[in-house]
Amino acid sequence: MKEYAKLVIDGKELTLPVIEGSQGEKAIDIRKLRQETGYITYDPGFGNTGTCRSTITYMDGEKGILRYRGIPIEVLAERSTFVETAFLLITGKLPTRDELTKTSVYLNDFSPIHENMKAFYQNYPPKAHPMGILSAMVNAMRSFYPELIDIEEEMNKTYLRLISKIRTMAAMAYRISKGERVVYPRPDLCYCANFLNMMFDNVVIPYKVDEDVVRALNVFWILHADHEQNCSTTAVRVVGSGKVNIYATISAGISALWGPLHGGANQAVINMFERIHNDGLTIKECLAKAKDKNDPFRLMGFGHRVYKTYDPRAIIMKKMVDVILPKLKRRDPLLDIARRLEEAALEDSYFKDKNLYPNVDFYSGIALRAMGIPTNMFTVMFAIGRLPGWIAQWKEDVADPEMKISRPRQIYTGTKLQEYIPIDER
Ligand code: ACO
């Protein structure tokens, strides 16, 4: 039976349809609200606003559930690879063996980047942040590899071209920033091993692929592959809704991800641990700063708009850190700080009362450090992982007959009418 919600405004009753998702989540369809009443809704940060119907990712923030296309994140982290998960997100199904092979062939074919693009890197100042470079390079790809939006097969190739080249571009940015020779992709290596090799191979010490690190990187990227309508994905959908090309759209997603409240949190978390480790900030002082409303400091890697319990990705990441560090015979003093900080925060009534738990970024930096990834590349690592999700969401958006250009309204609170005073009379 169809459900409705009733709204009474100015003595007038309005009947609004209720939409129900496949997991029982309900929404009030307010599309006719302004037209029929003259009112709009007010929801800064969109905490109560559904902006689309989606079949890609399901999250339950109260129960700590995350599924891609219905498959629990825990299962994918244990059994899948990043490439297989990317295929699942973008196409909606797990690949057959043939499809996976074909995907890998394309990923290999597309892995080098146009030699002229290399020149861009060389002109960046040495301290340029790799996220700024990556966003610009992805945007620039449009000029080198224009997409053919009306041909499905060509668009499928464009998705794979993006997924393949982003890792080459990221590794290249790192090498050039260090003044080191660029390492080209190798056809004999899988997606993750290829990235690690391009990052770390050296004429003096050739990079030895370690299967534990490769597996850890697969898991890391699977955990980041999608997260429904977060800040960067919303940026992708909003920018894409203007029908701009996919490269510019993904570039906007990368820019949105860069912020410390979003993907940039993984770098900010490590900076926070380092402050505790190097600058003598105690755990107690750190928590006090986070609780002080007059201090802009926040406990980085804690809290989430949707999760009001443990972020399931944080649980997997923490377990992975516990396994990979001993396997690689690495000790990281920051891990001990992370554990103590987590324990103290979880016992503190401020964090308990506000349901603030570790999010994916709390342990991800420690995992990346164990793999040898430098701190300023952390958010780039997140971006590579999130790319399949952005593509899947963009693809869903452009195919959705209900989608319109994103154009919210506002409540104007400025001066009603003002006289223009000529400059000499002001
Ligand atoms: N440290 C201290 N206090 C916090 C924290 C934190 N990390 N997170 C939330 N709070 C407090 C807020 O001050 C607020 O308190 P109030 O109700 O007394 O004003 C309350 O908890 C709710 O916080 P909001 O900022 O309103 O929650 P919102 O959903 O808007 O923000 C966010 C979520 C941005 C993730 C926030 O928890 C935060 O800043 N966390 C730290 C940054 C971080 O780890 N970001 C990564 C998120 S995961 C990701 O994007 C991949």
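Biologist: Which residue takes a positive phi in the hairpin of E1 and E2?

Modeller: Aspartate 10 does, with a phi near 50°, and 2 residues lie between the strands there. Bear in mind that this is a predicted model, where local features need pLDDT of at least 70, side-chain atom pairs count only at pLDDT 80 or more, and totals for chains, interfaces and linings use all residues. Residues are numbered from 1 along each chain as its sequence is written, and side-chain values use heavy atoms, with hydrogens and water left out.

Biologist: What makes E1 and E2 a pair?

Modeller: Strands are DSSP runs of E with at least two residues, numbered from the N terminus. Two of them pair if DSSP finds at least two bridges between them. E1 and E2 are joined by 6 bridges, so they meet that rule. One of these links lysine 6 to threonine 15 in E2.

Biologist: How do you know that E2 and E3 pair?

Modeller: By that rule again: 3 bridges join E2 (residues 12-20) to E3, and the two run antiparallel. Valine 18 is partnered with isoleucine 28 in E3, and glutamate 20 with lysine 26. Their hairpin has 5 residues between the strands, with glycine 24 in the turn at a positive phi of about 85°.

Biologist: Why is one side of E1 and of E3 left without a neighbour in the sheet?

Modeller: The open sheet has the order E1-E2-E3. Strand E1 (4-9) and strand E3 (26-28) stand at its edges, each with a single partner strand, so one side of each has no neighbour in the sheet.

Definitions and conventions
Helices (H or I, at least four residues) and strands (E, at least two) are DSSP runs, numbered from the N terminus.
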